[in-house]
Amino acid sequence: MKSKPIQRRLSTILASDVVGYSRLIGLDEAGTVSAVKAQITEVFEPKAAQYRGRIVKLMGDGVLMEFSSIADAIMFAVEIQLILKEQNSSTPDDRKLIHRIGINIGEIIVDGDDIQGAGVNIAARIESIAEPGGVFLSEAAFGQVQGKLDLNFEDMGTFQVKNIADPVAVTKVLFDDRADHMRTAIIPREKRKRPLVQKFAITAVAFVLLLSGGAGLYWSLGGSSTPSSTPAIAALEIPKKPSIAVLPFKNIGGSADVEYFSDGLTGDLIADLSKFNGLFVSARNSAYSYKDTTIPLKQIGRELGVRYILQGSSQQAGEKIRVNVDLIEASTGKNLWNHRFDGDFSDIFAVQDEIIRQTVTALTVKLDENELRRSKSVRPAQMNAYDYVLRGREQNNQGTRSGNIESRKLLQ
């Protein structure tokens with residue numbers, strides 16, 4: 001009888017455990033077990049659904065998870081730590097449930113619903129050396145998201161870990177203002193999707209009504225005669241401080257070859273606005289999910305949890321550029337201000353600075369001189385260097401081997 005071939009695949013693995021679990025068990029066994037279970041069901045599970053991850057298995061104080069995207073895994077981990085930090089703020093120091101998280105991308109062995117292999121082992125070892133409340137990444141994981149996430153990172157050097165022959169290079173996520181901007185609401189399980197029985201019943205009733213010519217009755221009971229091609233996403237809570245999302249700028253009248261310019265302009269504006277403590281800025285990857293869509297701004301504002309939308313277009317022809325920008329109140333569609341600029345490519349940094357200044361002024365954000373100074377763009381000695389950076393960033397964002405090779409050439 002032939003044995004089944006070993007199934008392998010490349011995947012993103014996340015390992016998490018509770019710091020000082022044995023000590024906590026010694027203090028209060030039943031209470032600790034109950035509290036950890038509550039964290040899993042009330043925080044880990046809903047956030048895993050949001051970021052398209054799955055819990056592979058629970059190991060007492062630990063959780064092993066798998067994600068199809070390294071960016072999703074990191075965003076999940078950052079949010080988890082932010083939520084747990086908030087929950088722990090009202091807990092006595094000796095009873096806090098603090099997790100440490102390690103993330104790796106590598107080859108795994110699939111065994112039914114379980115996963116094993118070197119990729120899993122490295123994630124577990126990185127988790128073991130992670131700081132309490134921190135998120136540590138392997139070199140492979142960090143390489144996939146470098147320059148793609150609106151987060152700051154710190155190189156922690158290399159570590160010799162148990163049962164891994166070669167030293168492991170580690171990078172940690174910095175929990176600063178940028179990380180704070182990643183926080184989104186927890187969507188309860190019942191709001192994420194209907195129970196299977198309820199979904200089946202609704203589908204069956206709709207099918208019968210349609211067959212019997214009762215489509216009008218079905219839609220009046222809560223259906224839609226013009227269902228949207230984009231599924232609805234639960235609305236997020238609007239932060240108390242001014243909040244904004246910068247939607248991807250449209251590339252007007254240009255070919256796909258200059259798409260990198262509009263994407264680069266968008267990314268720079270997001271990064272610059274994120275430097276203001278008094279302003280909540282939606283993460284780049286969240287805003288980019290609305291690229292080339294026709295979803296109403298009111299809906300986008302609800303789904304991203306922001307009050308204002310900054311959108312615009314750019315056009316480049318040789319050394320000449322044209323940039324149009326609109327700041328809109330998402331709930332009403334009211335245009336707070338608009339800006340049009342025609343000039344040379346070398347003036348793009350002045351344009352960015354003016355957009356930032358007018359935006360924070362319109363949102364009545366208190367201008368701190370240090371923040372304003374940090375947000376100002378520094379003009380490079382050679383503008384073609386900036387152009388190469390934009391091109392290299394665009395190639396890197398493709399997440400392909402050929403794109404990474406071309407990106408390295410451009411950046412060099």
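1. Is phenylalanine 44 buried or exposed? Phenylalanine 44 counts as buried because its relative accessibility is 0% (buried means under 20% relative accessible area, exposed over 50%, partly exposed in between, with a 1.4 Å probe and protein chains only).

2. A word on what you are looking at: this is a predicted model, where local features need pLDDT of at least 70, side-chain atom pairs count only at pLDDT 80 or more, and totals for chains, interfaces and linings use all residues. Residues are numbered from 1 along each chain as its sequence is written, and side-chain values use heavy atoms, leaving out hydrogens and water.

3. Now for the rings. The whole structure holds three aromatic pairs (ring centres of Phe, Tyr or Trp, its six-membered ring, within 6.5 Å; planes under 30 degrees apart are stacked, over 60 edge-to-face, the rest tilted). Phenylalanine 44 and phenylalanine 76 make one that is edge-to-face, at 6.0 Å centre to centre with 70° between the planes. This pair joins distant parts of the chain, 32 residues apart: helix H2 (residues 29-50) and helix H3 (residues 70-88) (helices, H or I, have at least four residues and strands, E, at least two; both are DSSP runs numbered from the N terminus). Phenylalanine 76 is buried too, at 0%, and ring pairs link Phe44, Phe67 and Phe76 into a cluster.

4. Next, have a look at arginine 52, in the loop between H2 and strand S2 (53-59). Arginine 52 is exposed, since its relative accessible area is 54%. Its phi is positive, about 55°, although it is not a glycine. Most residues other than glycine have a negative phi.
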